[in-house]
Amino acid sequence: MTLQDLSLWQVGIAALLIVVNGALSLLLKLDLERKLAWASARTIVQLLAVGYVLGWVFSHAHWYFVLPLMIVMTLIAGFAGAGRGKRTYAGQRADSILSIWASSWLVAAVGLFVVIRIHPWYEPQYAIPILGMILGNALTGVSLGIERMTEELTARRDRVEMALALGATRWEAAQGPARDAVRAGMIPTLNQMTVVGVVSLPGMMTGQVLAGQSPLQAVRYQIVIMFLIAAASALATVGAVLLTYRKLFSAEHRFLASRLIERAQ
Amino acid sequence: MMTATPLVQADGIVRRDAGHGTTLLQPTDFALASGDRVAITGPSGSGKSVLLRALALLDPLSAGQVLWRGKTVSRAAIPRYRRAVAYIRQRPALLDGSVEDNLRYPFSLSVYRDARFDRAYAEALATRAGRGTGFLARQASELSGGEAQIVALIRVLQLVPDVLLLDEPTASLDPESTVACEALINAWFDDAATPRAWVWVSHDAPQAARVGKRQLTMRAGVLSERADGLPDAHHDSAPGAPSARGAQVNAHDSAPDAPGVQGDVQDRAPTGIKVSKEATR
């Protein structure tokens with residue numbers, strides 16, 4: 001069982017499929033051609049670059065190459081997690097990075113060292129893709145969670161202040177929006193878990209099967225990954241929402257609504 | 001009754017807008033003793049709400065402090081302070097659900113652990129406000145603005161606070177609802193075994209005359225005794241005041257207003273704090 005190598009020509013044929021999108025955009029006047037071209041170019045350049053970087057790191061498997069790469073991946077995820085939503089506050093980026101970093105590395109450590117038990121501890125072939133998948137989902141949870149939290153607090157500001165004026169503690173006043181925010185952040189992962197294998201075949205599992213591994217092994221890996229992803233995105237979402245809460249509510253049980261600022265478009 | 005310690009006392013409190021650096025409330029001393037009924041009038045944007053919110057400890061102070069019965073309020077005691085000193089906003093904020101759900105809400109808070117919802121009492125308050133027995137079952141979303149404010153008032157009054165900070169509670173209400181709200185608040189004041197107190201911000205001069213035994217005005221962040229009295233705020237920051245005043249007086253405030261106050265205050269003989277005669281309800 002050998003893997004079919006793809007030549008660049010074959011990739012080019014697949015890339016032509018983007019023409020379908022372009023034609024639709026022109027036909028329906030969606031005005032998306034430039035964005036499509038840009039997105040396609042990014043897909044090609046980013047993935048080719050990652051291919052080279054990974055190829056290089058895999059052949060130079062030292063912790064001092066693997067660890068910095070993992071840190072860069074984490075920081076990029078952290079920055080991306082903060083870049084959503086109409087409203088923001090000073091320190092949102094730091095909150096996003098902190099919650100994504102702590103949750104993803106904790107869960108990845110459990111997955112790599114306790115479940116999969118890789119040797120050496122930084123084995124890039126496992127560590128990098130698994131951390132990457134965890135980061136991607138934690139980032140979704142964090143960005144949805146923070147966005148929902150700031151939106152709810154803006155929309156429900158009157159109620160939050162009413163609760164505080166009645167004598168609610170800051171947590172009692174904030175818990176409704178915080179709950180909604182955590183729920184919003186965790187729903188994509190929960191949806192993914194309910195349809196996995198039935199509606200969607202996860203990329204990693206597909207890849208392993210294509211690479212010749214038995215579907216039963218691939219499925220076991222996928223189950224492990226799903227739970228790692230679920231745990232990390234839950235922790236990251238809760239962490240981000242709690243950090244947001246601490247920034248926007250002072251210990252004097254005040255809602256610091258003036259810290260919520262409209263993001264410059 | 002021997003003690004002269006006020007219920008709520010503000011010592012040189014200042015509020016500055018963190019973003020723009022404008023001063024919303026100039027250094028202000030203010031004392032509210034039990035039995036006091038204070039009315040504050042003044043143009044919109046002059047800082048009346050800022051003062052009330054500061055007294056309720058809802059906004060961070062730039063300087064000064066607020067004392068409760070002569071003592072500073074620790075962080076942990078702030079919910080208890082707000083239970084005793086209830087702030088009522090102009091626009092009532094109701095939760096989804098029925099009127100009764102709204103009235104029950106405070107009892108879910110830890111600060112009211114020792115209290116229980118008393119349906120009969122809530123209904124009695126509703127009746128006093130001219131609302132029938134079915135009122136508690138109404139949906140909050142179906143209430144008129146006046147009814148919503150009555151719910152917000154009953155929600156607070158059933159908790160029997162010691163002090164009310166009323167931020168134009170009837171500003172957007174029809175005359176009938178205004179009468180009902182005033183009746184509720186007056187009854188709360190009269191029912192007390194120990195004297196209570198309120199600070200009532202109003203746009204409406206006749207209402208201010210009705211509800212205030214002591215009349216104060218707020219202009220450009222400066223609180224003063226109205227017309228025939230001394231300025232209440234003795235931190236006379238005359239050099240700083242004009243610039244701050246220029247920065248934040250609302251566009252629709254007529255220009256002669258601000259100097260007029262200053263002139264008024266300075267021209268008066270120091271007759272001390274005056275209690276206006278028409279302050280009976």
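User: In this predicted model, how many bridges join strand E1 of chain B to strand E4 of chain B?

Analyst: Strand E1 covers residues 8–16 of chain B and strand E4 covers residues 63–68 of chain B. The two run antiparallel, and B:Gln9 stands opposite B:Leu67 in E4(B). The number of bridges joining E1(B) to E4(B) is five.

User: What is the strand order of the open sheet of six strands in chain B?

Analyst: The pairing in this sheet is mixed. Its edge strands are E6 (85–88) and E10 (222–225) of chain B, each of which pairs on one side only. Neighbouring strands are turned by 20 degrees against each other on average, direction ignored. The order in chain B is E6-E7-E8-E3-E9-E10.

User: Which residue stands opposite B:Ala86 in E7(B)?

Analyst: E6(B) pairs with strand E7, residues 163–167 of chain B, in the parallel sense. Four bridges make up this pairing. Within E7(B), the residue opposite B:Ala86 is B:Leu164.

User: What angle does the direction of helix H1 of chain B make with that of E8(B)?

Analyst: Helix H1 spans residues 48–55 of chain B and packs on the sheet. The strands that H1 touches are E3 (37–41), E6, E7, E8 (197–201), E9 (214–219) and E10 of chain B. With the direction of E8(B), the direction of this helix makes about 150 degrees.

User: Which element supplies the largest share of the side of chain B that touches chain A?

Analyst: The contact takes 22 residues from chain B and 17 residues from chain A. On the side of chain B, helix H2 (78–84) and E6 each supply at least two residues. By class, this side has 14 nonpolar, two polar and six charged residues. The largest share, five residues, comes from H2(B).

User: How many helices and strands are there in chain A?

Analyst: Along the sequence, chain A follows the pattern α-α-α-α-β-α-α-α-α-α-α-β-β-β. Its C-alpha atoms fill a box of roughly 70 × 55 × 40 Å, taken along the principal axes. The count for chain A is ten helices and four strands.

User: How far apart do the end C-alpha atoms of residues 126–146 of chain A lie?

Analyst: An unreviewed UniProt entry lists several stretches of chain A as "transmembrane region", including residues 6–27 and 126–146. Residues 6–27 are 82% helix and 0% strand, with end C-alpha atoms 32 Å apart. Residues 126–146 are 100% helix and 0% strand. The end C-alpha atoms of residues 126–146 of chain A lie apart by 30 Å.

User: Why is H4(A) described as oblique to H5(A)?

Analyst: Helix H4 (residues 63–82) and helix H5 (residues 92–116) of chain A have axes that come within 8 Å. These axes cross at roughly 135 degrees. That angle makes H4(A), relative to H5(A), oblique.

User: What is the handedness of the crossing in which H4(A) passes H5(A)?

Analyst: The contact includes A:Leu75 and A:Phe79 of H4(A), and A:Ile97 and A:Trp101 of H5(A). Its residues divide into seven nonpolar, six polar and one charged. The crossing of H4(A) past H5(A) is right-handed.

Key. Residues are numbered from 1 along each chain as its sequence is written. Chains are lettered from A and ligands numbered from 1 in the order in which they are written. This is a predicted model: local features need pLDDT of at least 70, side-chain atom pairs count only at pLDDT 80 or more; totals for chains, interfaces and linings use all residues. Axes are lines fitted to C-alpha atoms, for helices over the stretch in contact, and angles run from 0 to 180 degrees between N-to-C directions. Angles under 35 degrees count as roughly parallel, over 145 as roughly antiparallel, 65 to 115 as roughly perpendicular and the rest as oblique. A crossing is left-handed if the near helix is turned anticlockwise from the far one by less than a right angle, and right-handed if clockwise. Two residues are in contact if their C-beta atoms, placed from the backbone, lie within 7 Å. Ala, Val, Leu, Ile, Met, Phe, Trp, Tyr, Cys and Pro count as nonpolar, Asp, Glu, Lys and Arg as charged, and the others, Gly among them, as polar. UniProt positions are given in the numbering used here, feature names are shortened, and annotations may be inferred rather than shown by experiment. Two strands pair if DSSP finds at least two bridges between them.
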